Amino acid sequence: MAKPDLMDFEKALELFEPVLGFEVHVELNTQTKMFSDAPNPAAAGNVPHAPNTTITPVDLGLPGSLPVVNEKAIHYSISLGLALGCQIAPSSRFARKNYFYPDLAKNYQISQYDEPIAFDGAVEVELASGRTVTVEIERAHMEEDAGKLTHIGGATGRIQGAEYSLVDYNRAGVPLVEVVTKIIFGAETDAPELAKAYVAAIRDIVVSLGISEAKMERGNLRCDANISLRSRAEVAAARASGLPDPLGTRTETKNVNSLRSVERAIRYEIQRQAAILDAGGSIIQETRHWHEDTGRTSAGRPKSDADDYRYFPEPDLLPVEPSTELIESLRAALPEAPAIRRKRLKEAWGFADLEFQDVLNSGLLAEVEETVAAGAAPAQARKWWTGEIARLANAASVDASSLVAPADVAALVALIEDGTLTDRLARQVLEGVIAGEGSPAVVVERRGLKVVSDDTALIAAIDNALAAQPDVLEKIRDGKVQAAGAVIGAVMKAMAGQADAARVRELVLERAKR
């Protein structure tokens, strides 16, 4: 497939205004599925099961099977709605959303349509520049997830060119909440960053509520990113004529599963659509797929409108009518808002504005917080997450949070602070942990990476280095202390980096005093 022409991002923003909208799907971590008692693959601590083993007749839509609503999922959905500043509907109901689902056996999805459980909310999103954007929430509604298809054969792993497909219904029926924004105007050049920051804000909220594992790489949290462009010239002409502002045709990039990818997908679509429109072409209303390896999107299927889904009320489920007492008890149990939490953490950690912004920009606030909670000093937690771990994640094109657990980072920091490791050795240990060799302590033992703390061994290495450079001691005694660097370097090389450079320096200077 030929790579489409792209317009320069800055030029695209001169000619067109980006208009955004996001649908974030959150898998709830209840023990059982939305409408059956089958184990929920998205539950906390869940281990993968063999395909098609965590299913019931309800999940497969077998004749005579009837759905039963998961009460805990209802409570979680209300809590999320409240945390988003939404109104909670006194009565909401489920509907059947109809179209061909190859991975949902009953061939329709139980969802909510015109009567969602939560509506009219807002989320404050902070950007790196300090700009705060209010993203209005249209609705948060409950539904069930579909199964998973694996396409066999072909070069892309997608259905195009595949020889056949395998279906795993284990995920079918997993409880979801879909958070849908209202149309977002005015993002301008911040559009890609806003997309990333908004999804990060939703992730922070659901993590703080404890209702989802929110691991994007596992599909616990996924984003459908909608983007359209409208010509600035056409908008100006419409306003001059007293007409409503026109809207462009949108595309929906489906199931983007990392913060980095959301940002890149929005930037790519702006550049792609701008090039087409500027050349006199038109945008097709369609779903699109994001390709992490190539950094581009490709066409999926024509995007349906709501009428095409033939929604009608689910006849097997009663309306959901939470009591005022339940809603207020869930409201009272809400954790502190992410914005308040950020202010508290910044003060508790003693970070300067730029230091804390560094953590926010990395999208790793939760990981740093968990690492500090596991015993690491805040400065060290920030250093490792936004430094070496982020570097390795960027090199592998994955989210840093997927590489290593906060508890292991805290253990690594502890080994540095007690003198077992130097920073150089710690980087090697980190690589071993990421490679699956075990905890930091296990990697240290298996690789033999402890700092050599035996002064006898260090002195022997120093004597060898001095024998090769006999004039160094005289230079140090003459006041040229920097000459010690040559010896320190030779000792570090001889000790394969497992010596403490500061201790080696001390011993060299002690020898010079004799």
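Where is Ala435 found? In this predicted model, Ala435 lies in the loop between helix H13 (423-434) and helix H14 (440-447), with helices (H or I, at least four residues) and strands (E, at least two) taken as DSSP runs numbered from the N terminus. Residues are numbered from 1 along each chain as its sequence is written. The model being predicted, local features need pLDDT of at least 70 and side-chain atom pairs count only at pLDDT 80 or more, while totals for chains, interfaces and linings use all residues; side-chain values use heavy atoms, with hydrogens and water left out.

Ala435 is exposed, its relative accessible area being 56%. Here buried means under 20% relative accessible area, exposed over 50%, and partly exposed in between (1.4 Å probe, protein chains only). Between Ala435 and Val404, 31 residues apart in sequence, the C-alpha to C-alpha distance is 9.5 Å.

Glu17, by contrast, belongs to strand E1 (residues 16-27) and counts as buried because its relative accessibility is 9%. Leaving aside residues up to four places away in sequence, the contacts of Glu17 include Phe185, Gly186 and Arg232, a contact being heavy atoms within 4.5 Å.

Turning to the strands, E4, E3 and E14 form an open sheet in the order E4-E3-E14, with antiparallel pairing. Strand E4 (108-111) and strand E14 (312-313) are the edge strands, each pairing on one side only. Two strands pair if DSSP finds at least two bridges between them; strand E3 (residues 95-98) and E14 are joined in the antiparallel sense over two bridges, and Ala95 has Pro313 as its bridge partner in E14.
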